[in-house]
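Subject: Structure for your files

Hello,

Here is the structure, with notes on its aromatic contacts and pockets below.

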Amino acid sequence: MNLQAVRAIYVFEMARTFRTLLQSIVSPVLSTSLYFVVFGAAIGSRIDEVEGVSYGAFIVPGLMMLSVLQQSVSNAAFGIYFPKFIGTIYELLSAPASFIEITAGYVLAAATKSLMIGLIILATSFAFVDISVQHPLWMLAFLVLTCLSFSLFGFIIGIWAQNFEQLQLVPLLIVTPLVFLGGSFYSISMLPPAWQTVTLFNPVVYLVSGFRWSFFGASDVPVVWSLLAIALFTALCVGVIAWIFRTGYRIRK
Amino acid sequence: MPDIVSITDLTKTYGSGFQALKSVSLDIRAGEILALLGPNGAGKTTLISTVCGITRPTSGRVTVGGHDILDDYRAARRLIGLVPQEITLEPFERVINTVRFSRGLFGLGPDDAHVERVLRQLSLWDKKDSKVVELSGGMKRRVLIAKALSHEPRVLFLDEPTAGVDVELRKDMWRVVADLKADGVTIILTTHYIEEAEAIADRIGIIAKGEILLVEDKAALLKRMGQKQMVIELQSPVNAVPDGLGDFDLDLGPEGTLVYTYDTRANRTGITKLLSALSGAGLTLRDVQTRQSSLEDIFVNLVKEDAA
């Protein structure tokens, strides 16, 4: 194992994060505050409670997931796309490092950044709503696993993308709708039965549900399903990345 | 000298069907400077990229330090430093951090003393905290070299290191290459500049259309280059070298001419003697031309022959 390579990539990528710290943090904090104002205060004041929780508090896990998923995908995608775009990928390809080490370096760095943002959003939400976390360790576990699995997904997007438009495409056209339709701002039990069934095909439902359970002790789907969904998604992403490095898809001629 | 890089029957055909390397075999000796000359699209960069792991070989075998570049890629790649042709650097990072990054990527632990030594050697120490984007083109090229040297390679590939570089920097670069050679590093450089190959290489390889046309010691090539030919056209063409002129290095040329080969660097070229011998033999001169084969001629001829 070339652990020095993992460390080198991680340190290099985190340096990029800290170089752009202000914009990395200000934007999620600002958008979260806007969601609280619009959904929590304006609309939420007309909704009493959802599953025994005030609406303002109910949307916190969903809001965290929204940002964490978007950030994980775009951080990891950008992380590997940028060397491809500017040509510095030659160094990664000529290094004595396997795909596991290269992926680990980029994915861990992207996941760290989105974890930080997730926790900052949680901290921000304390300023707006009264909220407590019932299972803090599970909350952290769900958060970390989500950051990792979606950073893996983002890594794939970054390798697949051939221009900046494609880089934006998947987070914008797939991830955001899946999160919005994944019960971030409502309980899926509030949907008509037919839509509830459709929703069960949305993987984000399992993430949000499990995550919300760690906060309030209630979930849309059993917690085990949520864990299984993350495990399955992670395994799928790892498989695709292994295939990419074996075949050199879009990176090695 | 033992071979440090051994390339056997290497071919590379790209997905488009373009065959960039056609069964290339080349052995590179430990500690030498090998210059690869070739026109654009000859396969120089593909050859380097394949040895370094950026491009996959279609067939053939390459070993570096005895390690197969596919089966034992970690050991092979650890020995290699690569300076690419294009300036490709993370623009917003500081110089010293990009160099540290390369060292770590190649599996070595942090060593600030070594990084400092490399940066000083390349006159980059004053710029260590500058962002890459703030540097001039020449300085960026030095950063690329510093990155390649950060992990103490035994074999250094320099792909067109002085393309678009001013004279001063080019001389600097040659000095760095000489220093590295003194440290025992094997250097393979590709270049368009024939003078560059002449100035620093031990051996010169010529590559065109994916084939190695020639690999020869520079001294032997230069010897060929130092030779000059005098074409002597006589009033009445001859069928054979006339009697009495056997002592001279004379050959029969086209259309009954005589061709005299001599060394321009010798004390005596023998031209005066030949001319008086010619008139002594009763031969009348009609015209005389001289021509010199430079490395460039050799190169152009080889490439042309190959194209025919």
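A:Arg212 lies over the face of A:Phe58, 3.8 Å from the ring centre. In chain B, the charged end of B:Lys128 is placed over the ring of B:Trp125, at 4.6 Å from its centre. A charge counts as over a ring if NZ of Lys or CZ of Arg is within 6 Å of the ring centre and within 35 degrees of the ring normal.

This is a predicted model, in which local features need pLDDT of at least 70 and side-chain atom pairs pLDDT 80 or more, while totals for chains, interfaces and linings use all residues. Residues are numbered from 1 along each chain as its sequence is written, chains are lettered from A and ligands numbered from 1 in the order in which they are written, and side-chain values use heavy atoms, without hydrogens and water.

Aromatic pairs

Over all chains there are 23 aromatic pairs (rings of Phe, Tyr and Trp, the last by its six-membered ring, with centres within 6.5 Å; planes under 30 degrees apart are stacked, over 60 edge-to-face, the rest tilted). A:Trp138 and A:Trp213 have ring centres 6.1 Å apart and planes at 70°, so they form an edge-to-face pair. This pair joins helix 6 (residues 136–160) to helix 9 (residues 203–216) of chain A, across 75 residues (helices are DSSP runs of H or I, at least four residues, numbered from the N terminus). A:Trp138 is partly exposed at 39% relative accessible area, whereas A:Trp213 is buried at 16% (buried is under 20%, exposed over 50%, partly exposed in between, with a 1.4 Å probe and protein chains only).

A:Phe153 and A:Phe233 are both buried. Ring pairs also link A:Phe99, A:Tyr106, A:Phe155 and A:Phe245 into a cluster.

Pockets

The largest pocket holds about 770 Å³ of space. A pocket is an open set of points on a 1 Å grid over the protein atoms alone, where a 1.4 Å probe fits, with protein on both sides within 12 Å along at least five of seven lines; lining residues have an atom within 4 Å of a point. Its volume is the space filled by probe spheres set on the points, which are joined across faces, edges and corners.

The lining of the largest pocket has 30 residues, and A:Arg16, A:Ser74, A:Asn75, A:Phe78 and A:Lys113 lie nearest the centre. Helix 3 of chain A gives the largest share of that lining, nine residues.

Regards

Notes. Helix = DSSP H or I, 4+ residues; strand = E, 2+ residues; numbered from the N terminus.
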